[in-house]
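This report describes parts of one protein chain, element by element. The sequence and structure come before the text.

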Amino acid sequence: MRVAAIDCGTNSIRLLIAEPDDSGGLREVHRQTDIVRLGQGVDATGEFHPDALARTFAATETYAGLIREAGVPTDKIDFVATSAARDARNREEFFAGIRDRLGVTPEVISGEREAALSFTGAVSGLDAGPEPLLVMDIGGGSTELILGEREGGIRSSVSLDVGSVRLTERFLGAGPPDPADLGRAASFVDGVLDGCGVDLATARTWIGVAGTATTLAAIHLELPQYDRSRVHRATITVNALATLLADLADKTVEEIRAIPSMHPGRADVICGGTLIAARVARRVGTDQLVVSETDILDGIALSLLS
């Protein structure tokens, strides 16, 4: 039995087609990411931009073809929409467009559900580390922080309305950001983290999933091109994160886009995502970030198989 999981966030849309393996986990059939920036301007206007919808629908048409070719039945497809879809007034237009192309209605999940799926997916692909584990998922519109144990489950979690796209649009602009704007952005993130309700200092293993974390790992490793196998389980020290932020904040978007492992659609918001990671780093009880290539997509696929 094959399943198809689609995660549509503020910046990217991603597909995982998978089947069960012999140990109760997943065997990947196809995985793909496209930067569609569905959340373009949503923070300011409260609505999806027509161009953003067109980009998202085009990617969904491609995914629908791949899903049909893989023989996945409609009842084993789950299209999950997160931060941007929770905020947009015209989301019915988005729902109808996805339904027409894929045959399923997007599920706009709560921040709590998003956190649970991210935690399950993240820990499924990593060996055990000291507990409790903190999973950090920095998206375009929101950031999920989930503290828990492999066997004991989630202790606490939160979905924060701060992400790489939101932070860039509000504070940082096209870049390189003015130091004063960078400082205001850092203060804003600190204020959000102060009231997040998750005791970050108790974390003994810190896991980063999704585009910001995986991109930072590729840059840190100085990869000549993005290599998922080398990014998975890579580590970045807290000091190295601070250095990455300083380097990225000093570059133009064109210079960032020229980094060999950089996805061109992420270049204009990676500084904002890095700033969020760097502010979390100041609070965790460990000196390094472990990067996982398994994430909410894997959590969705596992739930479809259960």
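## Helix H13 and what covers it

The buried residues of H13 are covered by elements that include S1, S2, S3, S4 and helix H5 (111-124). Eight of the 10 residues of H13 are buried, and the helix is mostly covered. These are Ile296, Leu297, Asp298, Gly299, Ile300, Ala301, Leu302 and Leu304. Here buried means under 20% relative accessible area, exposed over 50% and partly exposed in between, with a 1.4 Å probe and protein chains only. Helices (H or I, at least four residues) and strands (E, at least two) are DSSP runs, numbered from the N terminus.

The model is predicted: local features need pLDDT of at least 70, side-chain atom pairs count only at pLDDT 80 or more, and totals for chains, interfaces and linings use all residues. Residues are numbered from 1 along each chain as its sequence is written, and side-chain values use heavy atoms, with hydrogens and water left out.

## The five-stranded sheet

Five strands make an open sheet in the order S3-S2-S1-S4-S5, and the pairing is mixed. Strand S3 (26-35) and strand S5 (107-108) are at the edges with a single partner strand each, so one side of each has no neighbour in the sheet. Strand S2 (residues 12-20) runs antiparallel to S3, and nine bridges join the two. Two strands count as paired if DSSP finds at least two bridges between them. Proline 20 is opposite leucine 26 in S3.

Helix H13 (residues 296-305) packs on this sheet and touches strand S1 (3-8), S2, S3 and strand S4 (77-81). The direction of H13 makes about 145° with that of S1. Axes are lines fitted to C-alpha atoms, for helices over the stretch in contact, and angles run from 0 to 180 degrees between N-to-C directions.

## The six-stranded sheet

Another open sheet has six strands in the order S8-S7-S6-S9-S11-S10, with mixed pairing. At its edges are S8 and strand S10 (235-237), each with a single partner strand, so one side of each is left without a neighbour in the sheet. On average, neighbouring strands of this sheet are turned by 25° against each other, direction ignored.

Strand S7 (residues 143-149) and strand S8 (residues 153-160) run antiparallel and are joined by seven bridges. They form a hairpin with three residues between them. Glycine 148 is opposite isoleucine 154 in S8. Strand S6 (residues 133-138) pairs with strand S9 (residues 205-209) in the parallel sense over five bridges, and methionine 136 has glycine 208 in S9 as its bridge partner.

## Helices H10 and H12

H10 lies across S9, S10 and strand S11 (288-291), and runs at about 80° to S10. Helix H10 (residues 238-249) also packs with helix H12 (residues 270-281) at an angle of about 150°, their axes being 9 Å apart. H10 and H12 are therefore roughly antiparallel (angles over 145 degrees; under 35 is roughly parallel, 65 to 115 roughly perpendicular, the rest oblique). Among the residues in contact (heavy atoms within 4.5 Å) are Leu241, Leu244 and Leu248 of H10 and Ile270, Thr274 and Ala278 of H12.

## Leucine 193

Leucine 193 is in helix H7 (residues 179-194). With 5% relative accessibility, leucine 193 counts as buried. Leaving aside residues up to four places away in sequence, leucine 193 touches Leu145, Leu160, Leu200, Arg279, Val280 and Arg283.
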